[in-house]
Amino acid sequence: MPAVTTLLSPPVTHARHALLATAALVLGGVAIGTTEFVTMGLLPQIAEGVDVSIPAAGHTISAYAAGVVVGAPLIAALGARAPRKGLLMGLIAAFTVGNALSALAPTFETLVAARFLAGLPHGAFFGVAALVAVDLAPRGQSGRAVGRVMLGIPIANVLGVPGATWLGQHLGWRAAYWVVAVLGLVTVALIAASVPHLPGDRTRTVRSELGALTRTQVWLTLGVGAVGFGGMFAMYSYIAPTVTDVTGLPSRAVPVFLLVFGVGGLVGNVVAGRMGDWSVLRSTVIGMVGLGASLALFAWLSPYAVPALVVLFLVAVLGSVLVINLQLRLMQVAGAAQTLAAASNHSALNLANALGAWVGGAVIAAGWGYRAPSVVGVGLALAGLGVLAVSVLLHRRDLRSARPVPTLEPVPSLP
(Lines give C-alpha, C1' and ligand atoms only; values in the text may rest on other atoms or scores of the structure.)
Protein backbone atom coordinates (compact mmCIF):
# COMPACT_ATOMS: atom_id res chain seq x y z
CA MET A 1 0.00 0.00 0.00
CA PRO A 2 1.46 3.42 -0.87
CA ALA A 3 2.38 5.71 1.96
CA VAL A 4 0.13 8.71 2.43
CA THR A 5 3.00 11.11 1.97
CA THR A 6 3.57 9.97 -1.61
CA LEU A 7 0.03 10.98 -2.51
CA LEU A 8 0.09 14.47 -1.07
CA SER A 9 1.72 17.70 -2.14
CA PRO A 10 5.28 18.26 -0.92
CA PRO A 11 5.54 19.66 2.58
CA VAL A 12 6.09 23.36 3.06
CA THR A 13 9.55 23.14 4.58
CA HIS A 14 9.97 26.87 5.22
CA ALA A 15 6.53 27.66 6.62
CA ARG A 16 6.72 30.26 9.41
CA HIS A 17 4.87 29.88 12.67
CA ALA A 18 4.16 26.20 11.95
CA LEU A 19 3.56 25.47 15.63
CA LEU A 20 1.12 28.36 16.04
CA ALA A 21 -0.61 27.38 12.79
CA THR A 22 -1.13 23.87 14.11
CA ALA A 23 -2.46 25.31 17.39
CA ALA A 24 -4.96 27.41 15.41
CA LEU A 25 -6.20 24.33 13.56
CA VAL A 26 -6.45 22.40 16.82
CA LEU A 27 -8.46 25.22 18.41
CA GLY A 28 -10.88 25.10 15.49
CA GLY A 29 -11.22 21.39 16.16
CA VAL A 30 -11.90 22.12 19.84
CA ALA A 31 -14.75 24.45 18.88
CA ILE A 32 -16.19 21.91 16.44
CA GLY A 33 -15.80 19.00 18.84
CA THR A 34 -17.44 20.98 21.64
CA THR A 35 -20.53 21.87 19.63
CA GLU A 36 -20.85 18.36 18.23
CA PHE A 37 -20.79 16.59 21.59
CA VAL A 38 -22.12 19.15 24.08
CA THR A 39 -25.63 18.67 22.72
CA MET A 40 -25.50 15.08 23.98
CA GLY A 41 -24.51 16.18 27.47
CA LEU A 42 -27.28 18.80 27.60
CA LEU A 43 -30.00 16.80 25.87
CA PRO A 44 -32.38 16.79 28.87
CA GLN A 45 -31.99 20.57 29.34
CA ILE A 46 -32.47 21.24 25.62
CA ALA A 47 -35.56 19.01 25.55
CA GLU A 48 -37.06 20.91 28.47
CA GLY A 49 -36.04 24.29 27.04
CA VAL A 50 -37.78 23.79 23.70
CA ASP A 51 -40.61 21.67 25.15
CA VAL A 52 -40.02 18.31 23.44
CA SER A 53 -39.18 14.78 24.63
CA ILE A 54 -35.57 13.60 24.97
CA PRO A 55 -35.79 11.29 21.90
CA ALA A 56 -37.23 14.20 19.90
CA ALA A 57 -34.46 16.50 21.13
CA GLY A 58 -32.03 13.90 19.74
CA HIS A 59 -33.06 15.16 16.28
CA THR A 60 -30.92 18.24 16.94
CA ILE A 61 -27.92 15.88 17.00
CA SER A 62 -29.05 14.29 13.76
CA ALA A 63 -29.61 17.73 12.18
CA TYR A 64 -26.03 18.80 12.91
CA ALA A 65 -24.76 15.49 11.53
CA ALA A 66 -26.89 15.90 8.41
CA GLY A 67 -25.30 19.31 7.86
CA VAL A 68 -21.86 17.71 7.93
CA VAL A 69 -22.95 14.95 5.55
CA VAL A 70 -24.24 17.48 3.03
CA GLY A 71 -21.58 20.14 3.50
CA ALA A 72 -18.39 18.07 3.53
CA PRO A 73 -18.36 16.74 -0.05
CA LEU A 74 -20.10 19.78 -1.52
CA ILE A 75 -17.77 22.40 -0.02
CA ALA A 76 -14.68 20.24 -0.54
CA ALA A 77 -15.41 19.76 -4.22
CA LEU A 78 -16.29 23.42 -4.83
CA GLY A 79 -13.34 24.69 -2.77
CA ALA A 80 -10.58 22.39 -4.06
CA ARG A 81 -9.07 25.21 -6.18
CA ALA A 82 -9.32 27.86 -3.43
CA PRO A 83 -6.32 28.94 -1.34
CA ARG A 84 -6.45 26.83 1.79
CA LYS A 85 -5.95 29.64 4.31
CA GLY A 86 -8.89 31.68 3.01
CA LEU A 87 -11.03 28.56 2.77
CA LEU A 88 -10.30 27.65 6.39
CA MET A 89 -11.18 31.15 7.60
CA GLY A 90 -14.44 31.18 5.66
CA LEU A 91 -15.43 27.76 6.97
CA ILE A 92 -14.84 28.54 10.63
CA ALA A 93 -16.58 31.93 10.25
CA ALA A 94 -19.69 30.22 8.86
CA PHE A 95 -19.49 27.68 11.69
CA THR A 96 -19.42 30.54 14.21
CA VAL A 97 -22.56 32.09 12.73
CA GLY A 98 -24.35 28.74 12.88
CA ASN A 99 -23.62 28.36 16.58
CA ALA A 100 -24.72 31.90 17.36
CA LEU A 101 -28.01 31.15 15.62
CA SER A 102 -28.30 27.95 17.70
CA ALA A 103 -27.95 30.00 20.88
CA LEU A 104 -30.62 32.43 19.67
CA ALA A 105 -33.10 29.83 18.34
CA PRO A 106 -36.56 30.51 19.85
CA THR A 107 -38.23 27.19 18.94
CA PHE A 108 -37.37 23.53 18.42
CA GLU A 109 -37.78 23.89 14.64
CA THR A 110 -35.46 26.87 14.40
CA LEU A 111 -32.92 25.10 16.62
CA VAL A 112 -32.92 22.09 14.30
CA ALA A 113 -32.36 24.40 11.31
CA ALA A 114 -29.54 26.25 13.09
CA ARG A 115 -27.84 22.98 14.02
CA PHE A 116 -27.97 21.92 10.36
CA LEU A 117 -26.34 25.20 9.29
CA ALA A 118 -23.67 24.90 11.99
CA GLY A 119 -22.76 21.43 10.72
CA LEU A 120 -22.24 22.41 7.07
CA PRO A 121 -18.58 23.61 7.43
CA HIS A 122 -17.52 20.85 9.87
CA GLY A 123 -16.19 18.17 7.51
CA ALA A 124 -14.60 20.52 5.01
CA PHE A 125 -12.74 22.34 7.80
CA PHE A 126 -11.22 19.13 9.14
CA GLY A 127 -10.46 17.90 5.63
CA VAL A 128 -8.61 21.05 4.60
CA ALA A 129 -6.93 21.28 8.02
CA ALA A 130 -5.60 17.73 7.60
CA LEU A 131 -4.08 18.63 4.23
CA VAL A 132 -2.50 21.78 5.66
CA ALA A 133 -1.07 19.82 8.58
CA VAL A 134 0.52 17.29 6.23
CA ASP A 135 1.96 20.13 4.14
CA LEU A 136 3.61 21.53 7.27
CA ALA A 137 4.90 18.18 8.56
CA PRO A 138 8.23 16.46 7.84
CA ARG A 139 8.08 13.60 5.40
CA GLY A 140 7.16 10.26 6.90
CA GLN A 141 5.04 11.81 9.66
CA SER A 142 1.70 12.20 7.89
CA GLY A 143 -0.11 10.00 10.39
CA ARG A 144 1.14 12.02 13.33
CA ALA A 145 0.35 15.30 11.53
CA VAL A 146 -3.27 14.28 10.95
CA GLY A 147 -3.44 13.00 14.53
CA ARG A 148 -2.29 16.39 15.84
CA VAL A 149 -4.98 18.26 13.93
CA MET A 150 -7.60 15.79 15.13
CA LEU A 151 -6.51 16.46 18.72
CA GLY A 152 -9.12 19.20 18.73
CA ILE A 153 -11.95 16.71 19.20
CA PRO A 154 -10.51 14.83 22.21
CA ILE A 155 -9.36 18.11 23.78
CA ALA A 156 -12.93 19.31 23.34
CA ASN A 157 -14.14 16.19 25.09
CA VAL A 158 -11.65 16.69 27.94
CA LEU A 159 -12.20 20.42 28.48
CA GLY A 160 -14.74 21.97 26.13
CA VAL A 161 -17.61 19.50 26.44
CA PRO A 162 -17.52 18.98 30.23
CA GLY A 163 -17.00 22.72 30.76
CA ALA A 164 -19.75 23.74 28.36
CA THR A 165 -22.05 21.07 29.82
CA TRP A 166 -21.45 22.37 33.34
CA LEU A 167 -22.05 25.92 32.11
CA GLY A 168 -25.21 24.86 30.31
CA GLN A 169 -26.54 23.13 33.41
CA HIS A 170 -26.02 26.27 35.52
CA LEU A 171 -26.62 29.15 33.10
CA GLY A 172 -28.92 27.50 30.56
CA TRP A 173 -28.13 25.34 27.53
CA ARG A 174 -27.82 28.36 25.21
CA ALA A 175 -24.64 29.43 27.04
CA ALA A 176 -22.83 26.36 25.67
CA TYR A 177 -23.37 27.48 22.07
CA TRP A 178 -22.23 31.02 22.90
CA VAL A 179 -18.96 29.60 24.21
CA VAL A 180 -18.48 27.75 20.92
CA ALA A 181 -19.17 30.93 18.93
CA VAL A 182 -16.45 32.76 20.89
CA LEU A 183 -13.97 29.94 20.23
CA GLY A 184 -14.81 30.19 16.55
CA LEU A 185 -14.01 33.92 16.46
CA VAL A 186 -10.66 33.34 18.18
CA THR A 187 -9.86 30.58 15.67
CA VAL A 188 -10.51 32.91 12.72
CA ALA A 189 -8.06 35.43 14.17
CA LEU A 190 -5.37 32.81 14.83
CA ILE A 191 -5.65 31.32 11.35
CA ALA A 192 -5.33 34.79 9.84
CA ALA A 193 -2.20 35.47 11.89
CA SER A 194 -0.38 32.14 11.68
CA VAL A 195 -1.34 29.84 8.79
CA PRO A 196 0.95 30.41 5.79
CA HIS A 197 -0.40 31.02 2.32
CA LEU A 198 -0.97 27.64 0.69
CA PRO A 199 -2.39 27.98 -2.82
CA GLY A 200 -5.12 25.66 -3.95
CA ASP A 201 -4.53 23.31 -6.85
CA ARG A 202 -5.73 25.27 -9.89
CA THR A 203 -5.83 22.09 -11.95
CA ARG A 204 -8.55 20.60 -9.75
CA THR A 205 -12.17 20.81 -10.81
CA VAL A 206 -15.42 19.67 -9.28
CA ARG A 207 -15.46 16.83 -11.79
CA SER A 208 -11.94 15.67 -10.98
CA GLU A 209 -12.63 15.79 -7.24
CA LEU A 210 -15.82 13.81 -7.66
CA GLY A 211 -13.77 11.26 -9.60
CA ALA A 212 -12.74 9.82 -6.24
CA LEU A 213 -16.30 8.61 -5.83
CA THR A 214 -15.80 6.19 -8.71
CA ARG A 215 -13.30 4.19 -6.63
CA THR A 216 -14.66 1.13 -4.87
CA GLN A 217 -12.25 1.39 -1.96
CA VAL A 218 -13.35 4.97 -1.28
CA TRP A 219 -16.97 3.87 -0.94
CA LEU A 220 -16.05 0.89 1.21
CA THR A 221 -13.97 3.06 3.55
CA LEU A 222 -16.80 5.58 3.82
CA GLY A 223 -19.17 2.70 4.52
CA VAL A 224 -17.03 1.47 7.41
CA GLY A 225 -17.23 4.90 9.04
CA ALA A 226 -20.90 5.57 8.26
CA VAL A 227 -22.13 2.23 9.60
CA GLY A 228 -19.51 0.95 12.03
CA PHE A 229 -18.88 4.21 13.86
CA GLY A 230 -22.62 4.67 14.24
CA GLY A 231 -22.39 2.18 17.08
CA MET A 232 -20.42 4.62 19.19
CA PHE A 233 -22.93 7.41 18.54
CA ALA A 234 -25.88 5.15 19.35
CA MET A 235 -24.44 4.77 22.84
CA TYR A 236 -22.90 8.21 23.37
CA SER A 237 -25.85 10.27 22.11
CA TYR A 238 -27.79 9.19 25.21
CA ILE A 239 -24.95 9.13 27.72
CA ALA A 240 -26.60 11.75 29.97
CA PRO A 241 -29.83 9.81 30.65
CA THR A 242 -27.81 6.57 30.81
CA VAL A 243 -25.72 8.00 33.66
CA THR A 244 -28.76 9.20 35.59
CA ASP A 245 -31.27 6.41 34.85
CA VAL A 246 -29.08 3.30 34.44
CA THR A 247 -25.99 4.02 36.50
CA GLY A 248 -28.15 5.82 39.05
CA LEU A 249 -25.94 8.88 39.51
CA PRO A 250 -27.03 12.53 39.82
CA SER A 251 -26.85 14.83 36.79
CA ARG A 252 -23.71 16.48 38.16
CA ALA A 253 -21.88 13.21 37.39
CA VAL A 254 -22.52 13.57 33.65
CA PRO A 255 -19.58 15.98 33.08
CA VAL A 256 -17.31 13.45 34.80
CA PHE A 257 -18.31 10.78 32.29
CA LEU A 258 -17.81 13.24 29.44
CA LEU A 259 -14.37 14.10 30.82
CA VAL A 260 -13.34 10.43 30.96
CA PHE A 261 -14.55 9.99 27.39
CA GLY A 262 -12.50 13.00 26.34
CA VAL A 263 -9.34 11.72 28.04
CA GLY A 264 -9.79 8.40 26.26
CA GLY A 265 -10.09 10.19 22.93
CA LEU A 266 -6.95 12.20 23.65
CA VAL A 267 -4.98 9.04 24.43
CA GLY A 268 -6.45 7.37 21.36
CA ASN A 269 -5.37 10.24 19.12
CA VAL A 270 -1.76 9.97 20.24
CA VAL A 271 -1.78 6.20 19.78
CA ALA A 272 -3.66 6.32 16.47
CA GLY A 273 -1.18 8.60 14.71
CA ARG A 274 1.72 6.27 15.46
CA MET A 275 -0.35 3.22 14.58
CA GLY A 276 -1.19 4.85 11.26
CA ASP A 277 2.48 5.38 10.47
CA TRP A 278 2.90 1.64 11.25
CA SER A 279 -0.05 0.28 9.22
CA VAL A 280 -3.24 2.12 8.33
CA LEU A 281 -5.26 -0.91 7.33
CA ARG A 282 -4.28 -3.07 10.32
CA SER A 283 -4.97 -0.16 12.68
CA THR A 284 -8.42 0.30 11.15
CA VAL A 285 -9.23 -3.36 11.77
CA ILE A 286 -8.01 -3.12 15.38
CA GLY A 287 -10.12 -0.02 15.97
CA MET A 288 -13.28 -1.55 14.48
CA VAL A 289 -13.04 -4.86 16.36
CA GLY A 290 -12.15 -3.14 19.63
CA LEU A 291 -14.99 -0.64 19.33
CA GLY A 292 -17.60 -3.37 18.94
CA ALA A 293 -16.23 -5.32 21.90
CA SER A 294 -16.11 -2.28 24.17
CA LEU A 295 -19.71 -1.31 23.30
CA ALA A 296 -20.82 -4.79 24.31
CA LEU A 297 -19.01 -4.36 27.62
CA PHE A 298 -20.65 -0.98 28.18
CA ALA A 299 -24.12 -2.45 27.65
CA TRP A 300 -23.31 -5.03 30.32
CA LEU A 301 -21.48 -2.84 32.84
CA SER A 302 -23.30 0.51 32.56
CA PRO A 303 -25.24 -0.02 35.85
CA TYR A 304 -21.91 0.07 37.75
CA ALA A 305 -20.21 3.47 37.95
CA VAL A 306 -16.49 2.58 37.99
CA PRO A 307 -16.62 -0.25 35.41
CA ALA A 308 -18.79 1.96 33.19
CA LEU A 309 -16.18 4.73 33.34
CA VAL A 310 -13.36 2.32 32.48
CA VAL A 311 -15.23 0.89 29.51
CA LEU A 312 -16.26 4.36 28.32
CA PHE A 313 -12.55 5.26 28.31
CA LEU A 314 -11.85 2.21 26.11
CA VAL A 315 -14.68 3.14 23.72
CA ALA A 316 -13.10 6.57 23.26
CA VAL A 317 -9.57 5.22 22.72
CA LEU A 318 -10.64 2.68 20.12
CA GLY A 319 -13.01 5.12 18.44
CA SER A 320 -10.12 7.56 17.93
CA VAL A 321 -7.92 4.81 16.50
CA LEU A 322 -10.68 3.98 14.03
CA VAL A 323 -11.46 7.58 13.01
CA ILE A 324 -7.91 8.73 12.34
CA ASN A 325 -6.98 5.63 10.39
CA LEU A 326 -10.14 5.88 8.32
CA GLN A 327 -9.02 9.43 7.50
CA LEU A 328 -5.59 8.20 6.43
CA ARG A 329 -7.10 5.29 4.52
CA LEU A 330 -9.28 7.63 2.47
CA MET A 331 -6.28 9.80 1.66
CA GLN A 332 -4.51 6.67 0.39
CA VAL A 333 -7.26 5.31 -1.83
CA ALA A 334 -8.65 8.55 -3.29
CA GLY A 335 -5.84 9.23 -5.76
CA ALA A 336 -5.45 12.92 -6.56
CA ALA A 337 -8.84 13.95 -5.08
CA GLN A 338 -7.30 14.68 -1.69
CA THR A 339 -9.60 17.53 -0.60
CA LEU A 340 -12.77 15.56 -1.16
CA ALA A 341 -11.30 12.43 0.42
CA ALA A 342 -10.13 14.22 3.56
CA ALA A 343 -13.49 15.93 4.02
CA SER A 344 -15.64 12.93 3.14
CA ASN A 345 -14.44 11.00 6.18
CA HIS A 346 -16.24 13.52 8.38
CA SER A 347 -19.30 13.29 6.19
CA ALA A 348 -19.34 9.53 6.74
CA LEU A 349 -18.71 9.86 10.48
CA ASN A 350 -21.55 12.31 10.87
CA LEU A 351 -23.81 10.07 8.86
CA ALA A 352 -22.86 7.60 11.58
CA ASN A 353 -23.77 10.30 14.11
CA ALA A 354 -27.21 10.78 12.57
CA LEU A 355 -27.76 7.02 12.20
CA GLY A 356 -26.62 6.23 15.73
CA ALA A 357 -28.66 9.01 17.35
CA TRP A 358 -31.77 8.02 15.37
CA VAL A 359 -31.49 4.27 16.04
CA GLY A 360 -30.66 4.89 19.70
CA GLY A 361 -33.66 7.17 20.07
CA ALA A 362 -35.92 4.66 18.32
CA VAL A 363 -35.09 1.81 20.70
CA ILE A 364 -35.51 4.10 23.70
CA ALA A 365 -38.88 5.34 22.41
CA ALA A 366 -39.88 1.68 21.90
CA GLY A 367 -39.46 1.18 25.65
CA TRP A 368 -36.27 -0.90 25.62
CA GLY A 369 -34.42 1.38 28.02
CA TYR A 370 -31.17 3.32 27.93
CA ARG A 371 -28.93 0.22 27.72
CA ALA A 372 -30.49 -0.72 24.39
CA PRO A 373 -28.55 1.86 22.30
CA SER A 374 -25.27 0.18 23.30
CA VAL A 375 -26.63 -3.20 22.18
CA VAL A 376 -27.71 -1.68 18.88
CA GLY A 377 -24.25 -0.13 18.69
CA VAL A 378 -22.66 -3.58 18.78
CA GLY A 379 -24.79 -4.58 15.79
CA LEU A 380 -23.71 -1.49 13.85
CA ALA A 381 -20.06 -2.16 14.70
CA LEU A 382 -20.39 -5.73 13.41
CA ALA A 383 -21.96 -4.43 10.19
CA GLY A 384 -19.07 -2.00 9.80
CA LEU A 385 -16.63 -4.85 10.36
CA GLY A 386 -18.31 -6.76 7.54
CA VAL A 387 -17.78 -3.82 5.16
CA LEU A 388 -14.17 -3.57 6.30
CA ALA A 389 -13.65 -7.29 5.63
CA VAL A 390 -14.75 -6.77 2.01
CA SER A 391 -12.32 -3.85 1.72
CA VAL A 392 -9.44 -5.93 3.07
CA LEU A 393 -10.20 -8.84 0.72
CA LEU A 394 -10.27 -6.51 -2.30
CA HIS A 395 -7.06 -4.86 -1.11
CA ARG A 396 -5.28 -8.22 -0.92
CA ARG A 397 -6.61 -9.20 -4.34
CA ASP A 398 -5.29 -5.97 -5.82
CA LEU A 399 -1.89 -6.54 -4.24
CA ARG A 400 -1.70 -10.02 -5.72
CA SER A 401 -2.67 -8.81 -9.18
CA ALA A 402 -0.10 -6.00 -8.99
CA ARG A 403 2.79 -8.37 -8.32
CA PRO A 404 4.87 -9.13 -11.40
CA VAL A 405 4.61 -12.72 -12.59
CA PRO A 406 8.06 -14.33 -12.22
CA THR A 407 9.60 -15.71 -15.40
CA LEU A 408 11.42 -19.01 -15.39
CA GLU A 409 14.98 -19.16 -16.59
CA PRO A 410 15.39 -21.55 -19.55
CA VAL A 411 16.75 -24.92 -18.52
CA PRO A 412 20.07 -25.53 -20.29
CA SER A 413 20.12 -28.62 -22.46
CA LEU A 414 22.23 -31.51 -21.35
CA PRO A 415 25.21 -32.39 -23.52
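How many aromatic pairs does the structure hold? It holds 7. Rings of Phe, Tyr and Trp (its six-membered ring) pair if their centres lie within 6.5 Å; planes under 30 degrees apart count as stacked, over 60 as edge-to-face and the rest as tilted.

## Model and confidence

This is a predicted model: local features need pLDDT of at least 70, side-chain atom pairs count only at pLDDT 80 or more, and totals for chains, interfaces and linings use all residues. Residues are numbered from 1 along each chain as its sequence is written, and side-chain values use heavy atoms, with hydrogens and water left out.

pLDDT is the predictor's confidence in each residue, from 0 to 100. The protein chain averages 83, and 86% of the residues score at least 70. Contact means heavy atoms within 4.5 Å.

## Overall fold

The secondary structure comes to 18 helices and 0 strands. Helices (H or I, at least four residues) and strands (E, at least two) are DSSP runs, numbered from the N terminus. Among contacts between residues at least 6 apart in sequence, 86% join residues at least 24 apart.

Buried residues make up 57% of the 415 in the protein chain. Buried means under 20% relative accessible area, exposed over 50%, partly exposed in between (1.4 Å probe, protein chains only). The accessible surface comes to about 16,400 Å². Carbon and sulfur atoms account for 70% of that surface. Accessible areas come from the Shrake-Rupley method with a 1.4 Å probe; for residues, only the protein chains shown count as cover.

## Nonpolar cores

A nonpolar core is a set of buried Ala, Val, Leu, Ile, Met, Phe, Trp, Tyr and Cys residues joined through side-chain atoms within 4.5 Å. The largest has 86 residues. Phe-229 and Tyr-236 have the most contacts inside it. Helix α16 (residues 305–333) gives the most to this core, with 12 residues. A second, separate core has 12 residues, including Val-38, Leu-42, Ile-46 and Ala-176.

Neighbours within four places in sequence aside, Phe-229 is in contact with Val-224, Leu-291, Gly-319, Leu-322, Val-323, Leu-349 and Ala-352.

## Helix α16

How many of the 29 residues of α16 are buried? The count is 22, so the helix is largely enclosed by the rest of the structure. Its end C-alpha atoms are 42 Å apart, in agreement with the 42 Å that its 29 residues should span at 1.5 Å a residue. The expected span is 1.5 Å times one less than the number of residues. Gly-335 follows α16, with a positive phi near 70°.

## Aromatic pairs

Phe-37 and Phe-261 form a tilted pair, 6.4 Å centre to centre with 55° between the planes. The pair links distant parts of the chain: Phe-37 lies in helix α1, Phe-261 in helix α14 (residues 254–278), 224 residues apart. Phe-37 is buried at 5% relative accessibility. Phe-261 is also buried, with a relative accessible area of 5%. Phe-37, Phe-229, Phe-233, Tyr-236 and Phe-261 form one aromatic cluster.

Phe-125 and Phe-126 form an edge-to-face pair. Their centres are 5.9 Å apart, with 70° between the planes. Phe-125 is buried at 1% relative accessible area, and Phe-126 is buried at 0%.

Thr-34 sits in helix α1 (residues 18–41). Is Thr-34 buried or exposed? Its relative accessible area is 1%, so Thr-34 counts as buried. Beyond its neighbours within four places in sequence, Thr-34 is in contact with Ala-156, Gly-160, Val-161, Ala-164 and Val-180.

Trp-166 is found in helix α8 (residues 152–171). At 47% relative accessibility, Trp-166 is partly exposed. The C-alpha atoms of Trp-166 and Val-254 are separated by 8.9 Å, although these residues are 88 apart along the chain.

## Helix α13

Helix α13 (residues 239–246) is mostly covered, with 6 of its 8 residues buried. These are Ile-239, Ala-240, Pro-241, Thr-242, Val-243 and Val-246. Their cover includes α1, α2 (43–49), α12 (230–236), α14, α15 (280–301) and α16. Gly-248 follows α13, with a positive phi near 80°.
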